[in-house]
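Here is a friendly walk through a protein model, told as questions and answers. Each reply sets a value against its definition and then draws the conclusion.

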Amino acid sequence: MSDQSSKNSILEFFTEKGILLSPNALQIIIKRNLGNQVMNLLSPDIIESGYLSEKDVLNLMKRSSQPHVEEYEVNIQDVTVGSSVEDFRGYFVSRFEKLRKIILTSMSMLGSVDIESARKSPERRVKTVGMISSVGTTKNGHLKLTIEDLKDHMDVIIMKDKIKQGEVYLQDEVIGVVGSLSSGSGRRVIFADEIVRPDTPSRIVDDNGGEPVYVASLSDIHVGSKEFRKDEFRRMIKWIKSSAEDSQQLKYLILSGDVVDGIGVYPNQENDLDIVNPTEQYELLAELISDIPPDVMVFVIPGNHDVVRIPEPQPVFSKKIGSMFPPNVVMLPNPYTLHLEKKRILVYHGMSLNDMIELIPGASFDTVGPAIEALLKRRHLAPVYGGKTPLIPTPVDHHVIEEVPDIFITGHVHSHAVGWYRGIRYVNSSTWQSQTEFQKIMNFSPNPSILTLFDLNSRTTLKRDFKKREVLN
Ligand SMILES: [Fe+2]
């Protein structure tokens, strides 16, 4: 049917029912191919008012794609907390086994053996996998890594002319090594030709042609802080409720931790607080969030300022906190992989970014992208153990990135960065807190009040900056 004839038949349909159609509403019905759904537009309210506006049509579209809360029943595995030598061993074994499995899927690793077999191999050419236990330099300037597996260890030499610029190897990361064994007497070493990281497969992401469905990310709200930018946060919610096309297509909202400022997170924090009682901080957040339309699902993970255990993996909020929020709010642990509309969204507050910013060349608090990419490349959310990221030695390492995400959401750093890494979209999701005294001392200026929107049906990523008043226009 041509546009003109479908326009005529839609107009005819509404005229027959005695309903006046706004020109914009008509345009949306035609543009979005809603011709066969016009019957659904005839709610008692519309019939009574005799008028169908653009907003009514957008609301109908939103209702028809409404998710069911039950779909997001969160399955949280039991995290047992221990600190014995055995607990630590179990944790590292889990990390090693999971990452080795990923590394062995690489074609380059075909024929890989364990370190003991590699060390004793009659062949010069060997391939093996190990966890880095030390990183050093030989007196001739070559890189020397000691790798170990469950039974043995071995040194790996990367000749200085083979060290890629900007490449760093971190203690505790798991790598595959392809190279040649040293000859002669003494303990043998491998001269590496290739280091194989677990990494994520390169993927090409295409638009699937579907209507936009946005998932938006925001982070580090810090409700309760004197620096909480309440007006801009309210303006953002007003935008979500508005008839702007992007906001009407927003179906999911993800809050990636530090939703309140907490108390006792650092010395004398009470001087920086507007609301000292954390329960009241959550109450205010719940009040603000309850203004978000109920058909937008809101997912919340905790961060290091929240009232849950700080060492990761962090559990979901207590029932007491959870019950303050409306039913469209779902509490998740940190980290967590969400499955939405057949897409995987990895959500992590991002404490390990502090470590990675120090270690990864080109990364800084203002330029977080290289640090985020370094996590994906290593398929681990906290590759360095014992840095600034408190980790619990759980029997299963929850920080291994087993499922390759489509979108990777982080926070914690209070800056804003979006990027692509081998077909994965990522973001550091800004903050809703102005510069704190501590950040002033560190000479860091946050980039607050930004909402990032990812279309799950295309490559489109949008940024809405609520520092700018015109964003609502
Ligand atoms: Fe934060």
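## Asking how we know

Q: Where is Gln433 in this predicted model?
A: Gln433 sits in the loop that runs between strand 16 and helix 13 (437-441).

Q: Why is Gln433 called buried?
A: A residue counts as buried if 20 or more other C-beta atoms lie within 10 Å of its own. Gln433 has 25 C-beta neighbours inside 10 Å, so it counts as buried.

Q: Which residues does Gln433 touch, leaving out those up to four places away in sequence?
A: Gln433 touches Asp220, His222, Ser225, Glu227, Phe228, Arg229, His414, Pro446 and Pro448. A contact here is a pair of C-beta atoms within 7 Å. As for Val347, which is 86 residues from Gln433 along the chain, the two C-alpha atoms are separated by 20 Å.

Q: What makes the phi of His414 worth a look?
A: Most residues other than glycine have a negative phi. His414 is a residue other than glycine, yet its phi is positive, near 70°. His414 lies in the loop between strand 14 and strand 15.

Q: Is His414 buried or exposed, and how do you know?
A: His414 has 26 C-beta neighbours inside 10 Å. The cut-off for buried is 20 or more, so His414 counts as buried.

Q: What makes helix 12 mostly covered?
A: Helix 12 (residues 369-378) has 10 residues, and eight of them are buried. They are Gly369, Ala371, Ile372, Glu373, Ala374, Leu375, Leu376 and Arg378. Their cover includes helix 11 (353-359), strand 14 (407-410), strand 15 (416-421) and strand 16 (424-429).

Q: Why is strand 17 described as largely enclosed?
A: Six of the six residues of strand 17 (residues 450-455) are buried, so the rest of the structure largely encloses this strand. Ile450, Thr452 and Phe454 point one way, Leu451, Leu453 and Asp455 point the other way, and all are buried.

Q: How do you know that strand 17 pairs with strand 8 and with strand 18?
A: Pairing needs at least two bridges between two strands. Four bridges join strand 8 (residues 214-218) to strand 17, and five join strand 17 to strand 18 (residues 461-465), so both pairs meet the cut-off of at least two. Strand 17 runs antiparallel to strand 8 and antiparallel to strand 18. Val215 is bridged to Phe454 in strand 17, and Leu451 is bridged to Arg464 in strand 18. Strand 17 and strand 18 form a hairpin, with five residues between them.

Q: How do strand 8 and strand 9 run, and which residue of strand 9 is the bridge partner of Val215?
A: Strand 8 and strand 9 (residues 250-256) run parallel and are joined by five bridges. The partner of Val215 in strand 9 is Tyr252.

Q: What is the order of the strands in the open sheet?
A: Six strands form this sheet, in the order 11-10-9-8-17-18, and the pairing is mixed.

Q: What makes strand 11 and strand 18 edge strands?
A: Each of the two pairs on one side only. On average, neighbouring strands of this sheet are turned by 20° against each other, direction ignored.

Note on methods
Residues numbered from 1 in each chain as written. Predicted model: local features only at pLDDT ≥ 70, side-chain atom pairs only at ≥ 80, totals over all residues. Buried ≥ 20, exposed ≤ 12 C-beta atoms within 10 Å, placed from the backbone. Contact = placed C-beta atoms within 7 Å. Axes fitted to C-alpha atoms, helices over the stretch in contact; angles between N-to-C directions.
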